[in-house]
Amino acid sequence: MTEQSSSQHLDQTTTPKRSVGVDAVLDAARQLILPDDDQAMLLAEVDDTRQLAQVAAALRDTGHRNLITYSKKVFIPLTHLCRDVCHYCTFAVTPRKVEAPYLSIEQVLDIAREGAALGCKEALFTLGEKPELRYKAAREALAEMGFASTTEYLRACAEAVLEETGLLPHLNPGTLTADELAELRKVSPSMGIMLESAADRLTEKGMPHHGSPDKIPAVRLETLALAGEARVPFTTGILIGIGETRRERVSSLLAIRALHQRYGHIQEIIIQNFRAKPGTKMARAPEPDLNELLWTIAIARILFGPDMSIQAPPNLSPGVLPQIVAAGINDWGGVSPLTPDFVNPEAPWPHLEELARETAAAGKYLQERLTIYPAYARQAETWVDDALRSRLLRSIDAEGLPRTDDWTPGAETPPPARLLEAVSRSPKQVSSDVAQILQRAACQERLDEAEIVRLFQARGDDLNAVLQAADDLRKRVCGDTVSFVVNRNINYTNICYFKCQFCAFSKGKLAENLRGRPYDLGLDEIQRRTEEAWARGGTEVCMQGGIHPEYTGQTYLDILRATKAAVPDIHIHAYSPLEIWQGAETLGLALPDYLTQLKAAGLDTLPGTAAEVLDDEVRAILCPDKINTAQWFEVMAAAHAVGLRTTATIMYGHVDRPEHWARHLLRVRDLQARTGGFTEFVPLPFVHMEAPLYLKGHARKGPTFRESLLMHAVARLALHGQIDNIQASWVKMGHQGLVACLNAGCNDLGGTLMNESITRAAGSAHGQETSPVRMREMIEGAGRTPRQRNTLYGDVPPERIDAGLQAEPLTDIVNTPARKYERREQKRPLSRPGLDGDVSLVRLG
């Protein structure tokens, strides 16, 4: 899938070159139009830092909302030797001042392992530039270890860290060739080089970069350009206060911008203030004051616009962090709980708790990120080497930010405590745009896609506000009653000729991961399970299965008649829209005609499954041969038209993004506004463990717990006034997660299920049944009133309730073994609505 670039908010055609005043340039910037180079130079003459900062802060809020990010890193100084002699540097030393020219790989791994144990996700490799070109000791050390260059050794160390600890390396080796970049890209999702300054004047005699061949601006800019050609997400920036002028700072930023506009690869601009260090030639040089730092940050934001990440290291400006935030930054850079800043050892990192407090004092929420920024992580096909993509996918959420806990749908890992608390904690600082959207939702207004996406992006106090607004609506619409239905799942076959990449349930010749033997239930077993469900208090059987190559529309009619013959009063909730489509097509019937026949045979309602994500960009990856979005809605609309009510679902957390979720919700809402046929909306988080798409390395590990809570909450808000019932799945969320969802807009817990098998096949550990007794305990434990309902949310007779409470244990199920199939020419082509062609199967023997 593709998405807009990291400069999505901008009109990238800068304003036409003309003589304009500063106010006009700033007004244009407020409209998201970048200043051209001449206009940027005009801004270099502006002394009013406050005016610049106001524009910069507004731009930052447009692109980054209420977030200030940081990377939790461990700092690995691979070598302190360097062939350059920058006059302000204490990092680089001569061979006589180090125990060994390089850290050994084991030393590197020791640092990385300790960092991983403390929760770090980034291994920042910092080193001097090409010391082997200056020092014999470096050449000999490399030769002894079996390496020809520092860059070659760096690659080996980064690979070891990646494989042994899982930390993602970020490499700062200095200037690089195209070949070196290509090799390092294989072991690192991001790299960087500080431009520092594009002013050649600073390399002249008596200036800080004199005698440092790698600090020649053209050389450094060449590395930046090569990184763009290699599609490496790159970090760069400028060092202020080393003798440059404001105009030279602006020129340096423009040089970086020109490369970014060409390649799109600059993920971050660092504005670093010079700190004088004892023992250097610039020990007595004046440091830039706070105003210079704030001025430069604001200028950088205006030149690069809302989406670029602008960083200022927090350890270099203690005590003034809120002012730095107000100037337009959105990132603090790497912060280590373990290692010092070896480049600025006199400036200790702030504790994360302190950094979070100071960030909050500036009205922002401190959010962890990875070394690769979210926009690039989301476009990993473009920006990340094939060997790293699976690892990256498994560590991010839908926005490209890191998973910060171990919870996944279907697993037994408990939800993170901080998010369990979020549903009840009152928000203190809610973003104004979020507050406005919540007000519109409460008034039953139709939100647009961007507004729904904004709700899905909520973090910090914004997250609390969204969850609580959803819960307030739940209470207003549904009260404190929580409903559930006593039902049984009957999955009559796990043979399926479709190739859905998320499914671990279906079996057959095309299945990639077989769990259990293929089966195809006889009608007698379906009847037996229905009778047992009724005896145990059930009021509904939910029947779905794989798309068996021998099934036709008549098969589904026969199943209905057999079920009703066994228990006439049971409610049959059956057949996904895909089964309906396939059944109608095999009989040559129009959808309304076939649905009318199904209804006459005993079908009462339809499950809104096979929806996955109702956006064809996602479906092209998940289920390309399945019904598409329009076909799914065609089935639902036809069902509603013949008097069949249905549910609606979403299966999320794999390759999708918030904009896909928003489109899904809006499309469901719009059909409901026309037909009124949906009874409930059911979020189904992707269970990844045995899913083929995940095992191939092409999907995330399901939604995070935060995303799962938000899906239920945003569904309540976006569907308010159209669909009153929002359901949570205990099979996927687990019992603790279920209770949290009850505080995030949910009013229904779905069915007891009796025989859940599809989610368990995907790896869920939450069992196959939650009894009516356990349902009531969970609901009452959450401070709510339980209510057993029927499928259409009506009341259930007392005798059904009593039967459920006194139910005997389930008997062992019998799965009728399936016959074997092989590919072969066949007279009846198989229905594959998502594809133009067909693949045929026939039964052997």
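**Exercise 1.** In this predicted model, state which residues line the second largest cavity and sort the lining by class.

*Solution.* Step 1: the residues that line the second largest cavity are L127, G128, E129, K130, T150, T151, P173 and T175. Step 2: sorted by class, this lining holds two nonpolar, four polar and two charged residues. Step 3: Gly counts as polar, and G128 is one of the lining residues.

**Exercise 2.** Give the volume of the second largest cavity and the number of cavities of 30 Å³ or more.

*Solution.* Step 1: the second largest cavity contains about 40 Å³ of space. Step 2: the count of cavities of 30 Å³ or more is two.

**Exercise 3.** Decide whether the radius of gyration of the protein agrees or disagrees with that of a compact globule.

*Solution.* Step 1: the protein has 845 residues, so a compact globule would have a radius of gyration near 28 Å. Step 2: the value for the protein is 30 Å, which agrees. Step 3: for the extent along the principal axes, the C-alpha trace spans about 95 × 60 × 50 Å.

**Exercise 4.** Describe the secondary structure, contacts, burial and surface of the protein.

*Solution.* Step 1: the protein contains 32 helices and 20 strands. Step 2: take the contacts with a separation of 6 or more; 76% of them join residues 24 or more positions apart. Step 3: buried means under 20% relative accessible area, and 61% of the 845 residues count as buried. Step 4: the accessible surface is about 31300 Å², and carbon and sulfur atoms make up 50% of this surface.

Note on methods. Residues are numbered from 1 along each chain as its sequence is written. This is a predicted model: local features need pLDDT of at least 70, side-chain atom pairs count only at pLDDT 80 or more; totals for chains, interfaces and linings use all residues. Side-chain values use heavy atoms; hydrogens and water are left out. On a 1 Å grid over the protein atoms alone, a cavity is a set of points where a 1.4 Å probe fits but cannot get out, and a pocket is an open set with protein on both sides within 12 Å along at least five of seven lines; lining residues have an atom within 4 Å of a point. Grid points are joined across faces, edges and corners, and a volume is the space filled by probe spheres set on the points. Helices (H or I, at least four residues) and strands (E, at least two) are DSSP runs, numbered from the N terminus. The radius of gyration is taken over C-alpha atoms; the globule rule is 2.2 Å times the number of residues to the power 0.38. Buried means under 20% relative accessible area, exposed over 50%, partly exposed in between (1.4 Å probe, protein chains only). Contact means heavy atoms within 4.5 Å. Accessible areas come from the Shrake-Rupley method with a 1.4 Å probe; for residues, only the protein chains shown count as cover.
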